Amino acid sequence: MMKKSLPIVLAIVLLLSAVAHLLSPEFYAPMIPGFIPVSLANLLATITELTTALLLFFPQYRKWGGLAFMFLMFAFLPLHIWDMFREDPVVGPQPLTSIRLFFQFVFIYVGWWIYKKY
């Protein structure tokens with residue numbers, strides 16, 4: 001059951017996130033380091049999340065969707081580490097940044113798991 005539903009659930013979450021990047025780019029601005037243009041970061045995140053979601057939806061491309069998801073989570077990893085050490089983290093107090101960082105590694109594993117299972 002999990003093998004079939006997990007990629008679909010991730011695809012839906014990624015689609016919602018891609019739409020959120022388009023509709024509320026200002027929400028993501030505090031999460032983006034100052035040296036990265038906010039509009040570029042939102043555009044790239046939208047395209048990447050949408051592409052990964054589509055790969056995860058279609059069984060014949062699901063393996064590559066898992067790999068793309070894993071790489072996307074790796075790409076976001078430095079941002080989570082950076083946020084963890086900020087004076088005022090975006091996600092809230094320090095314990096939440098540690099939990100988020102832990103889940104980032106779980107998501108990396110999930111992408112790898114999907115890649116290996118399909």
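1. Buried residues make up 36% of the 118 residues in the protein.

2. Please keep in mind that this is a predicted model, in which local features need pLDDT of at least 70, side-chain atom pairs count only at pLDDT 80 or more, and totals for chains, interfaces and linings use all residues. Residues are numbered from 1 along each chain as its sequence is written, and side-chain values use heavy atoms, with hydrogens and water left out.

3. Now the overall picture. The protein has five helices and zero strands, where helices (H or I, at least four residues) and strands (E, at least two) are DSSP runs numbered from the N terminus. Read from the N terminus on, the order of elements is α-α-α-α-α. The radius of gyration of the protein is 15 Å, close to the 13 Å from the globule rule for 118 residues, so the protein is as compact as a globular protein of that length. Here the radius is taken over C-alpha atoms, and the globule rule is 2.2 Å times the number of residues to the power 0.38. Along the principal axes, the C-alpha atoms fill a box of roughly 45 × 30 × 20 Å.

4. Helix H4 deserves a careful look. It covers residues 62-84, and its 23 residues should span 33 Å at 1.5 Å a residue; the end C-alpha atoms are 32 Å apart, which agrees. The expected span is 1.5 Å times one less than the number of residues. Where does H4 bend? The bend is at Phe76, by about 30°, and a proline, Pro78, follows within four residues. A bend at a residue is the angle between axes fitted to the seven residues ending there and the seven starting there. The buried residues of H4 include Gly65, Gly66, Leu67, Phe69, His80 and Asp83. Leu79, also in helix H4, counts as partly exposed at 25% relative accessibility.

5. H5 has 24 residues and reaches 35 Å from its first C-alpha to its last, close to the 34 Å expected at 1.5 Å a residue. Among its buried residues are Thr97, Leu101, Gln104, Trp113 and Tyr115. Val110 is in helix H5 too, and counts as buried at 15% relative accessibility. Although Val110 and Gly66 are 44 residues apart in sequence, their C-alpha atoms are 7.6 Å apart in space.

6. How many salt bridges does a search of the whole structure find? The search finds two, a salt bridge being a side-chain nitrogen of Lys or Arg within 4 Å of a carboxyl oxygen of Asp or Glu. Asp83 pairs with Arg86, with 3.6 Å between the closest N and O atoms. The side chains of Asp83 and Arg100 also meet in a salt bridge, at 2.9 Å from N to O. This second pair links distant parts of the chain, with Asp83 in helix H4 and Arg100 in helix H5 (residues 94-117), 17 residues apart. Together, Asp83, Arg86 and Arg100 are linked in a network of salt bridges. Asp83 is buried, with a relative accessible area of 2%, while Arg86 is partly exposed at 27%.

7. For a look at the surface, find Leu50, Leu54, Phe58, Tyr61 and Trp64: they form a nonpolar patch with about 500 Å² of accessible area together. Patches are made of residues with over 30% relative accessible area and no salt bridge, joining like charges within 9 Å and nonpolar side chains (Val, Leu, Ile, Met, Phe, Trp, Tyr) within 5 Å. The areas come from the Shrake-Rupley method with a 1.4 Å probe, and for residues only the protein chains shown count as cover. Tyr61 is in the loop between helix H3 (38-57) and H4, and is partly exposed at 42% relative accessible area.

8. Finally, two pairs to find on screen. Ala53, in helix H3, is buried with a relative accessible area of 0%. Ala53 and Pro7 are 46 residues apart in sequence, with 8.5 Å from C-alpha to C-alpha. Ile8, in helix H1 (residues 2-23), is partly exposed at 26%. Ile8 and Pro59 are 51 residues apart in sequence and 9.8 Å apart in space, C-alpha to C-alpha.

Terms used: Buried < 20%, exposed > 50% of the residue type's maximum accessible area, 1.4 Å probe, protein only.
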